[in-house]
Amino acid sequence: MNALTAISPIDGRYRSKVEKLANYFSEFALIKYRVTVEIEYFIALTENDIKALSDFPKDRIEALRRIYTDFTEADAEKIKDIEKTTNHDVKAVEYFIKDKLAALDLDKYEEFIHFGLTSQDINNTAVPLSLRDAVHEEYIPLLDELIHTLNDLSQAWKEIPMLARTHGQPASPTRLGKEIFVFVERLDIQKRQLLAVPFSAKFGGATGNMNAHFVAYPEKDWVAFANNFVNNTLKIERSQTTTQIEHYDNAAALFDAMKRINSIILDLNRDMWTYISMDYFKQKIKDGEIGSSAMPHKVNPIDFENSEGNIGLANALFEHLAAKLPVSRLQRDLTDSTVLRNVGVPIGHTVIALHSTLKGLNKLLLNEGKLAADLEQNWAVVAEAIQTILRREGYPKPYEALKGLTRTNTSITADSIAEFISTLDVSDAIKAELNEINPQNFTGINMVH
């Protein structure tokens with residue numbers, strides 16, 4: 001397979017943007033995570049005072065760990081070859097590791113590989129491990145880059161006055177930096193909520209009760225063992241009471257959190273697209289790039305559009321994952337396994353979207369003159385300021401007076417506002433205060449900090 005023959009654009013057109021995700025969500029990665037869990041589980045058993053393992057040579061533990069730390073594509077191919085016979089992917093991993101033990105002259109201990117487990121004890125630890133690593137090593141750094149970029153822009157533009165638009169109509173002026181900072185705050189809050197969601201794992205045997213463990217060694221505290229293994233060795237959080245599978249409630253919460261973050265980024269994309277269409281921003285031109293095959297003058301906001309499209313795909317899948325995974329028939333059915341293989345797909349689309357939004361933001365050139373011109377052409381927006389000061393002074397029906405001035409089809413200018421102020425029955429000091437107000441300075445408190 002290459003980029004030209006891939007079915008999915010994630011592995012084709014956009015492969016360069018998501019290539020690192022193969023370390024977490026490819027078939028190779030899933031197999032490697034499974035091998036990792038099986039090896040670490042076996043090592044944990046050797047440390048659990050089991051008679052049959054009492055003479056296990058501790059100096060071979062690092063050799064065992066090298067089975068997964070040095071895991072290769074050739075190793076994965078061997079497992080896939082075994083699977084052709086077993087027709088069971090996790091059992092193939094078990095047989096592969098047993099062969100490795102034999103090569104290390106440790107075959108007398110081989111029946112403690114996958115001891116007492118069902119395949120979901122491996123899958124439901126391997127997948128949250130891969131999710132945890134992908135989120136912390138790839139997704140969060142990229143999200144942080146977006147938040148930092150937006151924060152830098154909000155600081156750079158925090159004094160730039162801008163006409164606000166509510167319902168698409170001119171509204172009380174704001175500052176460009178503050179409008180960008182809105183997204184900094186939103187993303188930061190949602191990132192904290194995402195990071196508060198545990199990466200949960202199931203580890204409890206065929207139906208969650210550690211039946212096989214207990215029947216073999218009823219004197220041992222297998223719940224404490226499982227908790228220690230999952231929480232302290234694998235460093236994810238063991239779900240205490242389960243069926244054969246993880247209940248996925250926290251996975252659903254994670255996907256919902258990622259979907260919310262994506263929705264905020266989509267909102268940002270649409271705002272930036274609109275500002276570009278209003279000529280508030282130009283875009284940096286790269287030699288050789290073509291904006292339109294027919295119109296040579298065009299520089300299209302394609303990065304924000306690309307991000308929006310990828311977010312739509314990602315969120316559709318996140319929504320399905322969050323709705324489907326917590327639902328299973330009785331003690332289990334296979335539908336969770338089917339969809340879990342696709343968790344990397346919405347994350348892939350999300351990473352592509354993040355890259356595109358960042359690329360779009362880094363191409364922006366502020367057209368300060370256009371922002372100033374829009375403010376100058378909309379003197380009507382200072383009506384709120386004038387009527388509020390008149391309210392303060394007890395002036396009769398100030399809102400109605402300003403409404404009569406501004407809700408007409410004639411243009412409101414600096415001169416017409418000044419003329420209106422001159423007719424007011426207020427002191428010269430109040431008139432002077434009102435005459436100081438203009439669309440450039442009626443921007444409220446600077447909310448960027």
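This is a predicted model: local features need pLDDT of at least 70, side-chain atom pairs count only at pLDDT 80 or more; totals for chains, interfaces and linings use all residues.
1. Start with α7, residues 119-156. It has 38 residues, and at 1.5 Å a residue these should span 56 Å. The end C-alpha atoms are 54 Å apart, which agrees. The helix is not straight throughout: α7 bends by about 40 degrees at valine 135.

2. **Helix α7, burial.** How many residues of α7 are buried? The count is 28 of 38, so α7 is mostly covered.

3. **Helix α8.** This helix covers residues 176-195. Its 20 residues should span 28 Å at 1.5 Å a residue. The distance between its end C-alpha atoms is 29 Å, and that agrees. Buried positions in α8 include Leu176, Ile180, Phe181, Phe183, Val184, Leu187 and Leu194. Glu179, Gln190 and Lys191 are also buried.

4. **Aromatic pairs.** The model holds 17 aromatic pairs. One of them joins tyrosine 24 and phenylalanine 25. Their ring centres are 6.3 Å apart and their planes meet at 55 degrees, so the pair is tilted. Both residues are under the 20% cut-off for burial. Tyrosine 24 has a relative accessibility of 7%, and phenylalanine 25 has 18%.

5. **A pair across the sequence.** Phenylalanine 115 and tyrosine 217 form another tilted pair, 6.2 Å centre to centre with 55 degrees between the planes. Where do these two residues lie? Phenylalanine 115 is in the loop between α6 and α7. Tyrosine 217 is in the loop between α9 and α10. The pair therefore ties together parts that are 102 residues apart in sequence. Phenylalanine 115 is buried, at 17% relative accessible area. Tyrosine 217 is buried too, at 17%.

6. **The cluster around that pair.** Phe115 and Tyr217 belong to one aromatic cluster.

7. **Aspartate 336.** This residue sits in helix α13, residues 335-340. Is aspartate 336 buried or exposed? With a relative accessible area of 2%, it counts as buried. Its side chain makes a polar contact of 2.9 Å with the side chain of arginine 332. Leaving aside neighbours within four places in sequence, aspartate 336 is in contact with Gln120, Ile245, Tyr248, Lys324 and Leu325. Look at Gln120 in particular: this contact of aspartate 336 falls within α7, residues 119-156.

Definitions and conventions. Residues are numbered from 1 along each chain as its sequence is written. Side-chain values use heavy atoms; hydrogens and water are left out. Helices (H or I, at least four residues) and strands (E, at least two) are DSSP runs, numbered from the N terminus. The expected span of a helix is 1.5 Å times one less than its number of residues. Buried means under 20% relative accessible area, exposed over 50%, partly exposed in between (1.4 Å probe, protein chains only). Rings of Phe, Tyr and Trp (its six-membered ring) pair if their centres lie within 6.5 Å; planes under 30 degrees apart count as stacked, over 60 as edge-to-face and the rest as tilted. A polar contact is a pair of N or O atoms within 3.5 Å; within protein, one must be able to donate a hydrogen and the other to accept it, and residues adjacent in sequence count only if both atoms are side-chain atoms. Contact means heavy atoms within 4.5 Å. The bend at a residue is the angle between axes fitted to the seven residues ending there and the seven starting there.
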